[in-house]
Amino acid sequence: MQKHTKTKQYLDAICNQIRCKKIHGEIYEEIENHINDQKEAFKSQGIDDETATLKAIEQMGDPIMVGTELDRTHRPKPEWSIIGLTFLLLLTGIFIRIFTSPQDFNGLELFYRQLIFTIVGIGLMALCYYIDFTFIGKYPKTIFLLLVGLIIFLMAISRPINGRYIYASYLLLLFPTSFAGTVYSMRNKGYPGIILCGLFFAVSFAISIIIPSITSSLLLALCCLVVLTMAILKNWFRVKTLYALLLVYLPMAVSLFMIFSSGIVWKRITLAFSPFIDPMGAGYMATRTKQLLSGAKFIGQGTLPENFQQLSPVQILPGINNDFLLTYIIHRFGWFTFMIVVALLSVFIIRAFVLCTKQKSILGLFVSTAATLTIAIQTVFYVLTNLGFQLFAPLSLPFISQSSSYLLINMCLIGILLSVFRTGYFIKDKEGSKKSTTNSFVKFEDGKLIIDFHTH
Amino acid sequence: MAIEKSLLNGSTTMLILKLLEDKDMYGYQMIEELSKKSDDTFALKAGTLYPLLHNLEQQGMVCSYDDNADCARVRKYYNITKKGKGLLADKKAEWQTYSSAVNRVLQGGATLAEAY
């Protein structure tokens, strides 16, 4: 018994020096293994068990020094690049707000609104940052049900505006991140695991259709597809990759075929490419966007389309404060502002994706990819619509456009993202290493006692 | 023969990377190999090795994975990355410059003596 306590004392002494608790398990295991190896080596030289243990520990060196060294290496580091870029983007949003106060609206009021939401958003970001993101992988079902419950509650208490449950629609953007947790929890669950993931997706997708927010539906589908594909390619479900991919992509292909065969989509696509065929109807916004852009300069105020000389831009194109902010600043200040904004967002997104690929833990990888994709897809959709390609309605330009509630949701996503980048390196996907350790023929898994006669 | 500690410290990184260049290893194995290959000249303490390995891992020079390849116990194996191979090449070059300089100085007396 004494050998055990001595080793334990030594390992505890090391771990006490390491402030990041998440890494304790891993270090404990690695060094314990080492001491055991060393002990066995001494024992094979004919030294008795207890002396061998003591000698092995002595060989290790001063636990305080080892612990301090390891603590230095494993200190959680905030990801300053993402924090800096986020603040830069928020500032850009506020800056644009100061310079664009259309006469028709109360510019000052809009400015204060943006300021308040930005501050609340930073608070939310900080909150999500300090809540450990691993809860997404620990309680995926609870999170999913809470999210669904909250959305249904919001739909019940609010009236649809222009046929859409606006307040509920914002929360849709949290589904991809929640889905990442769901996929994570399906490790080694085989084909049923994939089907269950599909069911979770189907529920969230159905909700987005009911709201309805087709853009969110599309965003949701894309994010979930990427995360699920990644999981399959990483052999997360322990099934044949090809069959698993077929299981995901075949139903998708069938539903795409059905959607396309209905004909409505074709009409929309045609309209998106050439809005001029219906300039006063469905193609109105896109036509006006393109007209405003055609008169834009590289630097400075652009000219208004011929028939609209008497009008202000806000009368020509409604929504310049939220849905068409980019179009407006291109018209008002020139293309260079557009370039600055798009460059900033691109740097942010690329940096975030690079950090995603560096994640060691699968949960960190799934969650950060889902959150980054949510922001990236919003950006792409927004930029496309603002350039006149309006296949879908824009959601928001992350951190910049005046779409207050989306700003809050996006800030939550950034908080989660930063939390992953801060501690993601330390999270180990426990289950796996544990499973491979159990070589004994009696296992206890998922509440079941398994006796396996095939192991030796 | 035991070598002075300060001389060893700087080159330990290089030696570890060199070991990993041949094959993936776990910590204990590295110490054993190092001691075997150097005829017990390098008796690396585990307390020095692990912080160093974890540091190298964080810098992306090596990466680790769990495996129970040759025994019942799961071990944390380390594998050298492309970046790590680059560092090894740099360290080797640095070492060669250093050691040849030392040798030149040490032999310098001899050549001077020959000249006279």
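Guide: Helices (H or I, at least four residues) and strands (E, at least two) are DSSP runs, numbered from the N terminus. In chain B, the elements run α-β-α-α-β-β-α from the N terminus on, which gives four helices and three strands. This is a predicted model, where local features need pLDDT of at least 70, side-chain atom pairs count only at pLDDT 80 or more, and totals for chains, interfaces and linings use all residues. Residues are numbered from 1 along each chain as its sequence is written, chains are lettered from A and ligands numbered from 1 in the order in which they are written, and side-chain values use heavy atoms, with hydrogens and water left out.

Visitor: Thanks! How do I read a sheet, and what is the order of the strands in the open sheet of chain B?

Guide: Strands of a sheet pair through backbone hydrogen bonds, either parallel or antiparallel. Two strands count as paired if DSSP finds at least two bridges between them. Here three strands form an open sheet in the order β1-β3-β2 of chain B, and the pairing is antiparallel. At the edges are β1 (25-26) and β2 of chain B, each pairing on one side only.

Visitor: How many bridges join β2(B) to β3(B)?

Guide: Six bridges join these antiparallel strands, β2(B) and β3(B).

Visitor: Now the two chains together. How many residues does each chain bring to the contact?

Guide: Contact means heavy atoms within 4.5 Å. Chain B brings 21 residues and chain A brings 27 residues. Buried area is the accessible area (1.4 Å probe) that two parts lose on being put together, summed over both. Between chain B and chain A it is about 2100 Å², with carbon and sulfur atoms giving 48%. Y28(B), H54(B) and Q58(B) supply 28% of the area that chain B buries against chain A, more than any other three residues.

Visitor: How many salt bridges are there between chain B and chain A?

Guide: Side chains of opposite charge can pair when their charged atoms come close. The rule for a salt bridge is a side-chain nitrogen of Lys or Arg within 4 Å of a carboxyl oxygen of Asp or Glu. Three are counted between chain B and chain A. In one salt bridge, the side chains of D37(A) and R75(B) meet at 2.2 Å, N to O.

Visitor: Which elements of chain B supply the side that touches chain A?

Guide: At least two residues each come from α2 (27-37), α3 (46-58), β2 (62-67) and β3 (75-80) of chain B. The largest share, eight residues, comes from α3(B).

Visitor: What about salt bridges inside a chain? Where do E79(A) and R351(A) lie?

Guide: The side chains of E79(A) and R351(A) meet in a salt bridge at 3.0 Å, N to O. This pair links distant parts of the chain, 272 residues apart: E79(A) is in the loop between α4 (63-73) and α5 (80-99) of chain A, and R351(A) is in helix α18 (residues 335-357) of chain A. For exposure, buried means under 20% relative accessible area, exposed over 50%, and partly exposed in between (1.4 Å probe, protein chains only). E79(A) is buried at 12%, whereas R351(A) is partly exposed at 28%.
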